[in-house]
Amino acid sequence: MSLLSALSIVWGLMLHVSFAAPDDQYCVPRNTVPFQNELKLFREDGIFNYSTMLLRDELGVLLLGAREAVYALDINDVSVRKSAVYWRVTEEKQRECTYKGKHAEVECRNYIRTLHRVNDTTMYVCGTNAFSPTCDYMTFVNGQLRLKGKQEEGKGKCPFDPFQRYSSLMVGNDLYSATSINFLGSEPVVLRSSDLALRTEFKSSWLSEPNFVYMDFVGESVNSPDGDDDKVYMFFSENAMEYDFYSKVAVSRVARVCKGDMGGQRTLQRKWTSFLKARLDCSLPEPSLPPIVQDVFLLKDDDWRNNVFYAVFTPQSSLSQVSAVCAYTVSAIRDIFNEGKFKTPVAVETSHVKWVMHTGDVPVPRPGACINTVARKLGMNRSLDLPDKTLQFIRDRPLMDEAVHPLTGGPLLLKKGALLTRIVVDSVLALDGQRYAVMFIGTENGYVQKAVNYDGEMFIIEEIQLYETSVPISILRLSATKGQLYAGSASGAVQMAVSNCSRYESCVDCVLARDPYCCWDFSSRSCSSVHSFSSSSSNSVIQSLKEGNISQCPQPAPVAAVDFNLVPGNNIQLPCQLHSNLAQVLWRFSDQTLHSNNKYYIYSGGLLLLRASESDAGFYTCSSVEQINGKKTYNRTVAVYRLQLYSGPEEGGGTTPSTEVTNSSNSSHSGTTAGPGPGPGPGPGLVLEPDPTPEDPVSPETQSDTSRVTRLEVAVGLLSLLCLSLMGVLFWIWFQGRWECFKLPKRATDSEAKRQSAEYMSIPNRTSEIKLLGPEPGGARSANNNHSAVEFKGNGEHHFTPMAKISSLDGLGYINDESEI
Ligand SMILES: *[C@@H]1O[C@H](CO)[C@@H](O)[C@H](O)[C@H]1NC(C)=O
Ligand SMILES: *[C@@H]1O[C@H](CO)[C@@H](O)[C@H](O)[C@H]1NC(C)=O
């Protein structure tokens with residue numbers, strides 16, 4: 001019986017799970033922006049936990065609450081501190097707290113958790129104060145922060161435990177808070193502190209070990225046809241009562257109360273008469289327990305009916321690493337509360353209760369409804385006038401039967417890897433006159449993901465590393481007017497602009513970024529903020545958000561070939577950096593595609609040609625094949641190299657017969673030296689179509705991840721082989737005191753790649769000295785141009801500093817000097 005019911009519950013849970021999700025549902029950020037020192041950061045030595053923020057645009061400050069400190073920072077540059085107040089626990093408080101078994105240096109401190117605006121000059125601030133929550137007023141006048149020293153009781157307004165999640169909101173002069181009201185953290189409450197204080201009933205059907213994450217206000221009384229009231233919505237997770245699982249299962253909830261609620265007269269005295277809750281649905285592609293809501297953001301619209309809550313979910317089992325974002329309209333939530341069926345408890349067996357749909361009569365006025373036209377017609381103008389029947393019904397049945405489903409049926413974003421923690425959303429007016437919801441999502445490893453959903457396509461424009469070390473982002477705030485994002489963590493507060501269009505250097509880069517904030521400006525030939533253009537001037541600027549259509553971009557200049565000398569027997573490294581994480585690299589030599597094997601090693605930074613032989617002379621092309629929109633691909637040449645057999649000043653310097661490998665197909669090319677080269681004909685890899693026309697949506701080059709995986713496997717195999725020989729080299733380099741010059745190239749930025757090359761090049765006495773066929777017209781370049789059969793197209797902006805061979809990797813056979821050849 002119990003097994004059966006457990007099974008039925010598992011099955012029930014799986015009902016709201018869609019199966020068969022291909023792996024490409026999981027979003028990979030197109031671009032990764034590593035940590036930059038230029039980021040504006042605020043931290044003070046000895047102060048931690050910068051996790052409470054209040055933006056005061058009109059005062060020009062960001063108020064930042066930390067452990068035992070509140071700061072007023074310049075809203076334009078958070079590294080500039082305008083004022084600070086310190087609010088430390090007294091020794092006595094700390095001692096009391098320690099007596100109760102709490103950790104003196106961790107728990108028995110004052111963590112500022114609440115910051116709210118009261119009026120133009122005054123804020124309300126609360127801290128945990130060594131497990132004895134306390135609140136105070138704080139002013140910001142003449143650039144100075146000051147605590148008023150009122151020391152109000154903070155129980156129920158602020159948690160005791162600094163590690164406990166909680167939420168609060170100031171509406172007018174009323175403070176709404178959702179937290180625990182006792183030391184043990186066992187008595188959860190949703191409280192309104194006002195002239196007429198109200199709270200939740202202390203019953204597990206109302207709240208069962210909840211974890212509150214968010215609260216916001218929706219002014220639903222505006223233009224309401226049924227004379228409805230304003231609401232406060234709250235989001236949390238709690239133990240499910242609707243599943244009688246053998247162990248506790250958590251579910252995510254949305255609940256709401258009416259602003260005008262005054263409690264009941266006899267029943268529900270001083271308690272909410274309008275507390276209703278419903279399950280939040282957000283289905284992950286893999287069968288799992290319901291995901292847990294972590295943070296929510298309300299994206300407001302002029303019409304409150306179009307307000308949308310964006311919520312971040314993470315799995316409740318630590319086995320899974322999939323996070324999701326789901327969005328819910330206020331109307332959808334409202335429909336469930338206003339018209340949905342209720343759940344009701346029924347006793348099965350002796351002490352066992354099951355929650356099922358209530359099918360009997362529902363009293364009038366409808367339980368849980370705000371005072372509206374219907375109630376007023378019945379002569380009930382305040383919740384105090386509601387009949388006991390209505391109040392008793394809602395006291396025993398606060399849960400709705402139906403779950404709230406996301407706006408788009410499923411998640412807007414699914415991401416594997418580091419879990420998502422916090423979210424803010426900006427509404428961006430793009431050149432096409434449409435508004436796009438751009439999500440900024442903090443992660444547990446210190447990144448912000450900037451994502452957008454284009455008609456169902458999940459797309460992460462970029463991920464930006466905000467913290468040098470891997471710390472969870474514990475708060476995110478957005479100033480849409482300033483175009484700035486503020487993040488907080490245990491180690492500091494960071495400011496970041498919502499966009500940095502100048503990161504994209506070419507038209508193609510700019511358009512393919514598909515960033516609603518950015519467009520390509522033909523007149524200044526730069527990637528600029530859409531902000532500065534009205535849609536009337538849009539003939540001089542382009543943007544293609546949904547399509548990533550670059551057909552209007554000027555033809556990229558051809559990529560100049562870079563000459564490399566080939567010394568038989570040596571290993572040669574040809575760098576190539578792709579511009580997008582969504583692109584796959586395609587290396588070609590002559591007209592054949594190269595794969596990692598015992599001769600070639602393709603890694604994220606380029607190609608390693610092992611033990612070059614004469615037959616390897618010729619043209620090498622590195623192209624990037626990028627998936628756009630999941631429908632088409634874009635190919636572009638990133639780098640071209642010409643390997644020429646080395647014929648140094650010394651006669652016969654280019655041959656080392658002992659190591660020469662003569663194998664395979666390209667033996668016909670051996671012996672080719674400078675000059676026209678081994679004729680890489682206009683093969684498919686060299687003539688590129690930078691513009692995949694829309695008429696050709698599915699390019700044959702569309703590659704699945706499998707090839708990537710196999711390639712990876714080959715690479716790993718090869719790498720282990722390499723490692724052995726590398727160890728020899730490393731030893732040698734170490735021996736030469738040049739350890740710091742040798743780094744295994746990892747995915748790096750262009751400048752990093754250049755720096756690395758420079759490091760290699762600084763190693764003196766190398767055989768393969770290189771001449772660079774730079775962008776300037778010159779003899780070398782014209783040699784390339786003689787090559788009329790080859791048409792190199794690319795964006796021409798990436799002149800890689802050519803890299804000398806790293807050394808001959810066969811350890812002892814290292815050639816130190818030309819004279820040794
Ligand atoms: C702001 O609120 C505080 C606290 O309620 C009050 O003492 C003060 O007079 C108010 N100031 C203004 C300018 O309204
Ligand atoms: C506060 O910061 C410290 C130091 O980074 C961290 O270990 C601790 O977990 C943080 N405490 C809370 C309540 O977040």
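Helix α5 (residues 388–396) has four buried residues, Thr390, Leu391, Phe393 and Ile394; buried here means under 20% relative accessible area, exposed over 50%, and partly exposed in between, with a 1.4 Å probe and protein chains only. Because these residues cover an arc of only 160 degrees around the axis, they sit on the same side of α5; the arc is taken from the directions that lead from the helix axis to the C-beta atoms. The buried residues of α5 pack against β19 (276–279). Helices (H or I, at least four residues) and strands (E, at least two) are DSSP runs, numbered from the N terminus.

The model is predicted, so local features need pLDDT of at least 70 and side-chain atom pairs count only at pLDDT 80 or more, while totals for chains, interfaces and linings use all residues. Residues are numbered from 1 along each chain as its sequence is written, chains are lettered from A and ligands numbered from 1 in the order in which they are written, and side-chain values use heavy atoms, with hydrogens and water left out.

Stepping back to the whole chain, there are 9 helices and 43 strands. Of its 821 residues, 55% count as buried. Contact means heavy atoms within 4.5 Å, and among contacts between residues at least 6 apart in sequence, 63% join residues at least 24 apart. The chain exposes about 35200 Å², of which carbon and sulfur atoms supply 52%; accessible areas come from the Shrake-Rupley method with a 1.4 Å probe, and for residues only the protein chains shown count as cover.

In soluble globular proteins, nonpolar side chains tend to be buried together. A nonpolar core is a set of buried Ala, Val, Leu, Ile, Met, Phe, Trp, Tyr and Cys residues joined through side-chain atoms within 4.5 Å. The largest one here has 117 residues, and Phe309, Tyr310 and Leu466 touch the most other members. Beyond its neighbours within four places in sequence, Leu466 is in contact with residues including Phe35, Leu39, Tyr447, Ile473 and Met496. A second, separate core has 25 residues, among them Cys576, Trp587, Ala612 and Leu643.

Two ligands come next. Around ligand 1 are Val118, Asn119, Thr122 and Tyr137, where a residue counts as near if one of its heavy atoms lies within 4 Å. The side chain of Asn119 has an N or O atom 2.3 Å from an oxygen atom of ligand 1. Taken alone, ligand 1 exposes 360 Å², and the protein buries 39% of that. Ligand 2 is surrounded by Phe48, Asn49, Tyr111, Pro162, Phe163 and Ala490. An oxygen atom of ligand 2 lies 2.6 Å from a polar side-chain atom of Asn49. On its own ligand 2 has 360 Å² of accessible area, and the protein covers 56% of it.

Asp509 belongs to helix α6 (residues 507–512) and counts as buried because its relative accessibility is 7%. Its side chain is joined to that of Arg636 by a polar contact of 3.2 Å, a term for a pair of N or O atoms within 3.5 Å; within protein, one must be able to donate a hydrogen and the other to accept it, and residues adjacent in sequence count only if both atoms are side-chain atoms. Phe522, in the loop between β33 (518–521) and β34 (526–529), is partly exposed, with a relative accessible area of 28%. Phe522 and Ile542 are 20 residues apart in sequence and 8.1 Å apart in space, C-alpha to C-alpha.
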